[in-house]
Amino acid sequence: MRATAGRPLVLFDGDCGFCRRWVARWQLSTEGRVRFEPGGWWHRLRYGIRAKDMRRAMQLVEPSGRVSQGAEAVFRALSWSPHRGTRVAARLGLLPGVLHVARGVYAVVARNRRTASRVDRWLFGGAVVPREYRRVRWAFLRLVGGTFLIAFTSLGRQVLGLYGQRGIRPVHERLKAHEDVEPGWERVRTTPTVFWLGASDAALVRGCRAGQVLSLALMFNIAPRLSASLLWGLYLSYVSVGREFLSFQWDVLLLEMGLLSMLTAPGGMRPGLGRDAPSALDVFLFRQLVFRLYFGSGVSKLQSGDRTWRELTAMNHYYETAPLPTRGGWYAHHLPRWFQKASTAVTLGLETAGPFLTFAPRRLRRFGFWAFAGLQGTILATGNYGFFNFQALVLGLWLLDDAALRRVLPLESDVPAEARPWWRTALSATTAAPLVVLGASEMLRRFEWPRRSERVMGMLGWLDSRARPLRSVNPYGLFAVMTVERPEILVEGSDDGENWKEYSFHYKVGDPKRPPRQVAPHQPRLDWQMWFAALGSPPSWFIAFLARLLEGSPEVLKLLERNPFPDKPPRVVRAVLYDYRMASLEERRRTGDWWRRERLGLYVPPLALAPEPQPEGRIPRLQWDSRA
């Protein structure tokens with residue numbers, strides 16, 4: 001037996017289609033460092049391989065003269081790959097226990113090649129193409145830039161009314177409170193925001209404009225790594241001080257997407273598709289996020305014990321009680337009961353079983369992509385959830401690979417793909433490791449992972465406490481408990497305590513004759529929080545909102561559709577609670593109303609401004625007005 005000349009030689013059954021397809025995949029992975037040839041009698045003579053061994057399993061002849069077969073031959077051949085991740089996986093496969101299992105699996109597949117071939121074609125398709133993700137990354141980064149543009153543009157229209165000097169939640173007041181109780185570095189760590197440098201109205205507006213410029217830079221592929229990093233830091237600056245109005249799941253999801261974009265974006269000023277391809281770790285991090293997003297939502301519904309999900313009646317209430325309904329949701333509410341039950345079951349199936357397609361072979365991942373896209377499209381048509389549906393669709397691109405996007409994006413880079421330098425891979429792995437650990441622990445905590453090791457739990461707790469202010473590894477779970485009633489708050493003002501005029505909001509439910517509106521991807525954050533406020537007792541921000549109405553704050557009044565007191569603010573304001581129900585189709589034809597409503601009582605009694613003056617920029621104090 002003589003050794004091969006410099007390169008390992010793989011001998012395989014050239015008449016087996018299943019074998020040829022997998023050999024083609026391994027050729028792509030080893031990039032010419034291993035030779036692959038159909039085995040013949042001359043090979044048996046030259047290398048001393050028995051005929052029955054050649055028929056039974058793949059053979060590997062290494063330059064040293066060593067001959068191995070079957071699963072061991074596969075792993076030893078892949079250990080010659082130029083890709084570090086492939087080499088590591090191959091070496092793990094050669095571990096005694098793993099190799100023993102792999103040999104058993106290989107033997108079963110070898111004895112059932114026809115069945116294995118059919119399964120292989122169904123899972124992976126007949127074509128053999130490399131798994132590359134440069135097009136996926138290119139499209140993803142452009143669309144993430146678009147998502148940030150939507151987010152900053154939407155926020156810019158509301159930022160002064162929400163956070164300005166005369167807004168509902170002035171940022172400068174929150175930062176001043178932190179300064180009084182926390183030392184310098186600690187307050188920066190717990191509240192990471194650039195507004196420590198200044199939280200004036202001009203600074204808040206400039207921040208949104210800077211976000212728009214950086215978003216356009218990312219969309220046009222200008223310094224994508226730098227642009228993504230600055231976008232993440234800037235949006236984190238707003239979320240850190242935004243409290244209720246910037247606490248939605250799509251806000252933290254955008255931060256998580258922004259952080260991963262920062263890690264995977266190519267360097268350079270105009271990199272095109274980029275010289276270095278996304279690593280296996282990059283792809284895994286994005287797919288882990290897809291999994292956590294959907295699986296977290298599904299598991300939270302099952303674990304909540306909510307009877308509407310358990311009895312498959314959730315969709316009977318969903319469209320009617322959605323925070324900001326759409327006209328499509330109004331019509332969907334009147335679909336037959338059997339359809340509502342079926343759609344509830346499909347939703348639970350997609351959010352519990354569907355996420356496992358994230359880590360499935362290529363064809364199943366594509367099916368998962370289209371299934372999730374259909375789910376998001378349905379949600380978009382029947383509810384207003386800001387930019388959530390758009391960003392969820394964008395994130396789903398990581399279920400695809402370049403082969404799926406080749407027709408849509410026929411981009412060709414003038415720079416061939418190269419493996420990342422070792423130092424970049426090491427830096428990426430070091431940065432990504434905490435994200436992987438925190439993401440996995442977040443999922444395990446949902447199942448009450450047994451706390452067997454106090455040391456491990458202590459380390460996880462320490463890591464979580466350090467990462468929590470960055471809001472970049474988060475739990476997800478929308479509508480774990482379905483709301484079955486729709487209370488709505490109507491805000492009214494009066495000059496005499498007897499005649500009341502209603503403040504009209506842009507998008508929230510109010511006038512029964514006004515049809516539901518499609519507002520997404522813009523998110524009117526005050527309108528959204530009014531829905532949450534109606535579900536419980538008056539929150540502090542709502543009292544501050546009433547105070548600003550009595551003060552006549554122009555920034556807050558711009559958040560509303562109509563101010564019934566254009567000349568001067570009212571003397572008193574109050575909030576009235578109503579129960580709303582969608583009108584039936586017959587009622588809609590007969591009266592023209594989209595809603596039926598019934599008054600439940602006062603949500604907040606009449607309030608007036610306290611007589612003592614407040615410093616400029618402070619929320620004025622209120623007092624109960626017994627005359628109203």
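Author: A salt bridge is a side-chain nitrogen of Lys or Arg within 4 Å of a carboxyl oxygen of Asp or Glu. The structure is a predicted model, in which local features need pLDDT of at least 70 and side-chain atom pairs count only at pLDDT 80 or more, while totals for chains, interfaces and linings use all residues. Residues are numbered from 1 along each chain as its sequence is written, and side-chain values use heavy atoms, with hydrogens and water left out.

Reader: How many salt bridges does the count come to by this rule?

Author: One of the pairs joins the side chains of Glu72 and Arg66, with 3.0 Å from N to O. Glu72 is buried at a relative accessible area of 14%, whereas Arg66, at 40%, is partly exposed (buried is under 20% relative accessible area, exposed over 50%, partly exposed in between, with a 1.4 Å probe and protein chains only). By the rule, the count of salt bridges comes to 29.

Reader: What share of the residues of the protein counts as buried?

Author: The protein has 28 helices and eleven strands (DSSP runs numbered from the N terminus, helices being H or I of at least four residues and strands E of at least two), and its C-alpha atoms fill a box of roughly 110 × 60 × 50 Å along the principal axes. Among contacts with a separation of 6 or more, 77% come from residues 24 or more positions apart, a contact being heavy atoms within 4.5 Å. Of the 628 residues, the share that counts as buried is 51%.

Reader: How many residues apart are Asp120 and Arg21, which lie in distant parts of the chain?

Author: Asp120 forms a salt bridge with Arg21, in which the closest N and O atoms are 2.8 Å apart, and both residues are buried. Arg25 joins these two in a network of salt bridges. With Asp120 in helix H7 (residues 113-124) and Arg21 in helix H1, the pair links positions whose separation in residues is 99.

Reader: Are H1 and H4 roughly parallel or roughly antiparallel to each other?

Author: Helix H1 (residues 17-30) and helix H4 (residues 70-78) pack with their axes 10 Å apart and at an angle of about 30 degrees, the axes being lines fitted to C-alpha atoms, for helices over the stretch in contact, and the angles running from 0 to 180 degrees between N-to-C directions. Angles under 35 degrees count as roughly parallel, over 145 as roughly antiparallel, 65 to 115 as roughly perpendicular and the rest as oblique. The two helices are therefore roughly parallel.

Reader: Which residues of H1 and H4 make the contact?

Author: The residues in this contact divide into four nonpolar, two polar and no charged, where Ala, Val, Leu, Ile, Met, Phe, Trp, Tyr, Cys and Pro count as nonpolar, Asp, Glu, Lys and Arg as charged, and the others, Gly among them, as polar. From H4 come Val74, Ala77 and Leu78, and from H1 come Trp26, Ser29 and Thr30.

Reader: Against which elements do the buried residues of H4 pack?

Author: Helix H4 is mostly covered, with nine of its nine residues buried, and these include Glu72, Phe75 and Arg76. Their packing partners are strand E1 (9-12), H1, strand E3 (59-61), strand E4 (67-69), helix H5 (84-93) and helix H6 (96-111).

Reader: Which side chain of opposite charge is nearest to Arg142?

Author: Arg142 lies in helix H8 (residues 134-156) and, apart from its neighbours within four places in sequence, is in contact with Leu218, Met219, Asn221 and Pro224. Lys and Arg count as positive and Asp and Glu as negative, with His and the chain ends not counted. Arg142 is buried yet has no salt bridge, and at 12 Å away the nearest side chain of opposite charge is Asp402.

Reader: Which residues does the cis peptide bond join?

Author: Most residues other than glycine have a negative phi, and most peptide bonds are trans. Glu31, in the loop between H1 and strand E2 (35-38), is not a glycine but has a positive phi of about 50 degrees. Arg243, in the loop between helix H13 (224-242) and helix H14 (249-264), also has a positive phi, near 50 degrees. In the cis peptide bond omega is about 15 degrees, and the residues joined are Ala520 and Pro521.
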